[in-house]
Number of protein chains: 2
Amino acid sequence: MTTSLPISAQTRRPASPLGLHRVVDPPGVLPQAAWRLDPSPAIAPDEVRVRVDRLNLDAASYRQLRETYAGDPDKIRAAVLEIIATRGKMQNPVTGSGGMLTGTVEEVGPDSPLGLASGQRIATLVSLTLTPLLITDALRRWDGQSEQIPCAGHAILFARSIAAVLPDDLPIPLSLAVMDVCGAPALTSRVVKPGHVAVIIGAAGKSGSLSAAAARRAGAAQVIGVVPTETEAALLRGTGAGLVDAIVIADARDPVGLAEKVEQAGGPADVTVVCVDAAGCEGGAILSTKQGGTVIFFSMATSFSAAALGAEGLAADVTMLVGNGYVPGHAEFALDLLRTTGSVRSLFERRVES
Amino acid sequence: MTTSLPISAQTRRPASPLGLHRVVDPPGVLPQAAWRLDPSPAIAPDEVRVRVDRLNLDAASYRQLRETYAGDPDKIRAAVLEIIATRGKMQNPVTGSGGMLTGTVEEVGPDSPLGLASGQRIATLVSLTLTPLLITDALRRWDGQSEQIPCAGHAILFARSIAAVLPDDLPIPLSLAVMDVCGAPALTSRVVKPGHVAVIIGAAGKSGSLSAAAARRAGAAQVIGVVPTETEAALLRGTGAGLVDAIVIADARDPVGLAEKVEQAGGPADVTVVCVDAAGCEGGAILSTKQGGTVIFFSMATSFSAAALGAEGLAADVTMLVGNGYVPGHAEFALDLLRTTGSVRSLFERRVES
C-alpha cells in the first residue's frame, strides 16, 4: 500500500479514461471503490482540473455527519475535512455516498474529450465518490448547517467523467435540479416512437414531468400521466395545457387498479416510464404496458427480482430497461426541455422553491 | 372477505386472462398476491384444467418446511396439504415461494390461447404461487424426503399462464432443467445481431451455455465465455468445439480485471449476458461492454441500483435489460438449442446428473 501523498504526476502510469491511474489504495479497483485517490493538481493529457466553489453533499451523508456530531458545526466541518484529506475524495465512509460539486474549469488537457473550456462554470454529474478533490480553505465559510458547502480547492475530471456547463439563463438551483434527473427524459426520448402511447408514472415530479415532455417531443400520440393524489393531479393541471393528454389518479402499487385506469385513459402503453420512488410499482407498470412494449424503470426503489418475476408471472412479453443515469447529451437535452416547455418549468419552480 | 369454498363457476364474473376471477381473498389483487384462490374444476372458456402428477417445490420453500418440522415426513406432508387446502395454491406463507408442476392436459376451454390439447404431458412455467390447485390423494405417495412430490389432483391454467409440452425425445429431468432457464437464450437471441461480439458471464452454467448457443445461432462473430475457475473452463473445453470462441477465467466481481481479460479475448462486447448468481457483477458487465452496447442481466442477484449507478459512474452509454423470464416460444427455442448443440446437451447432462 502506498503511504504518502501527493504522488507526482510524472511518475504515474498512462492516464486511464476511468481514472484508474489516480487510484492509490487499494490498487487496481475503480475510483468509486477505492479507499484513497490521488488529487494532485497536475493533470494528465485527457484530464480537466476544476476550481471548486461549492460541494453539495448527498442528503444521507450529511444527515449521518450531523447526527454523529450532534449538530456541532466545528466537529462536522472537521470530519468532512478529514475525510477529504484522507481519501482524496468526499466519500462518507459510513454511508458510502458522495454528492456533486460546482466550480469553474481551470485547465483542460489537450486530449480531454469532455468539450470543456477554461472559465466555464460547470456542475459534475458523476458522484463525488469517484472525483479526486483537494480543499484549500479549510471549509472556513461553511456553517455546517446544510449540505451546501461553499469552499475553495480543486477537483479532477477524467476522460469518462460527466460534467455539464451551467447555463447563464437559468438560476443555478433550477439547473442543478434538472441535471439531477436528466437521464430519464433522455432515455425516454430514445425509446418513445411517433404514434406511441406513453404512460408516465409520477408525472408531476421532476423526472416525470421531464419524461412526459420528452415523450411528447418524441412524437407520442397520447401521453398519460399517473399521479397518486388529487393534489398532484391539480399541480399537473395547473401547469396549463399540453404536458399530458390524460391524468390518472391511482396507487401505482395496485397493479390491477392501475392497469384498469390506464386502459380507461387510452392505454395500455407502448412505453411506460416509472419515475416514482415508491417500492412495489413493478407489477402495475408491467400490467399497464402492451405485449411487445417497454417499461423504463427510473426509480431507485425498483426491485430487480420483482420486475423479472413479475413479468414472468404475468406472461408479459415486455422489454424492461434499467434507467441508466447517463445518456450522451442528457443535461443539455433536459435543460432545453425545461426552457421550451412552460409546464415543466412551472412544476420545477414550485418544487425547487419548496 | 369471502368465507366459503368452492365458489360455483357459474356465479363468477367473466374470466380474466390473468385469473382475477379465481381470486377469493383479498378481492381485486393478482393471483400471486392473493391469500386464497378458487381451484374449483369447472373451467372458464379460456382456461385449461390439468391432471397433476408431480409438484416440484421451490428449494427455499422445501427447506423451510423440512427445518420447521425437523424432517418429520408426516408433519411436512400435513403442512403442505394444509397450505394447498387453505390457499387453493401451493404458496409457502413463510417463504412466499412456490415451484412448478407437471401433469396431463385434461380439458381445454374453447377460447384458450395456449395451444394445448387433451392428453399432452406438460410442465407449467408460471409459478405455483399463482396456479389454482386441488389435491385429491392426500399426497399419500410422497415420503417428504425431497421437494419432488408425486401426487394426484388438478390445476387450472389461465389464458396468460405459460405451459410447455414435455417432449417425447428427452428425459423429463433434462427438459425441466432447460425450461427452468429458457428465458435467457430467447432474449439473447433477440438482442444479438450478426457480427456482434457476445460475452457470456457464466458460460459453463445452464442458462449461460444456452445463451452462448443462442448468441452463436443469432450470428455472433465472436462468443466469449467467462467462467470463474479452471475447473469450469475445463468443463467448457470438454464439451468439444464450437460453443464459445474464447474462454476467459476471471472473477466477474472485479470490474477492471474482468474488462481487461475480456478485451484481450476480443472484447469489449456488443452484448453481455450475465448468467451467474453472484452478487456484484454489475460493474464488470458494464465495463466489458462497448459504448452503445447492451447488458442483459439474468442473475437474480442483480442489484438494480448497482446497475443504474454503476453505469452512470462509468459514463457508460449501455442499454441494460432486466432479464424477463418470459419470451413467447422460449421453451421450444431452448429445447431446440439443446437438441442441436451437442456441447450444450453434454453440459446439461453433467449438471442434471449431479
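In strand β7(B), L157(B) is the bridge partner of V48(B). The structure is a predicted model, in which local features need pLDDT of at least 70 and side-chain atom pairs count only at pLDDT 80 or more. Residues are numbered from 1 along each chain as its sequence is written, and side-chain values use heavy atoms, without hydrogens and water.

Strands β3 (residues 48-57) and β7 (residues 148-157) of chain B run antiparallel and are joined by eight bridges; strands are DSSP runs of E with at least two residues, helices runs of H or I with at least four, and two strands pair if DSSP finds at least two bridges between them. Both belong to an open sheet of six strands in chain B, ordered β6-β7-β3-β4-β5-β8 with antiparallel pairing. Its edge strands are β6 (133-135) and β8 (163-165) of chain B. The twist averages 35° from one strand to the next, angles running from 0 to 180 degrees between N-to-C directions of axes fitted to C-alpha atoms, for helices over the stretch in contact.

Helix α4 (residues 183-191) of chain B packs against helix α10 (residues 330-340) of chain B at about 90°, with the axes 8 Å apart. The two are therefore roughly perpendicular (65 to 115 degrees). Contact (heavy atoms within 4.5 Å) involves G183(B), P185(B), A186(B) and S189(B) of α4(B) with H330(B), F333(B), A334(B) and L337(B) of α10(B).

Key
Chains are lettered from A and ligands numbered from 1 in the order in which they are written. Angles under 35 degrees count as roughly parallel, over 145 as roughly antiparallel, 65 to 115 as roughly perpendicular and the rest as oblique.
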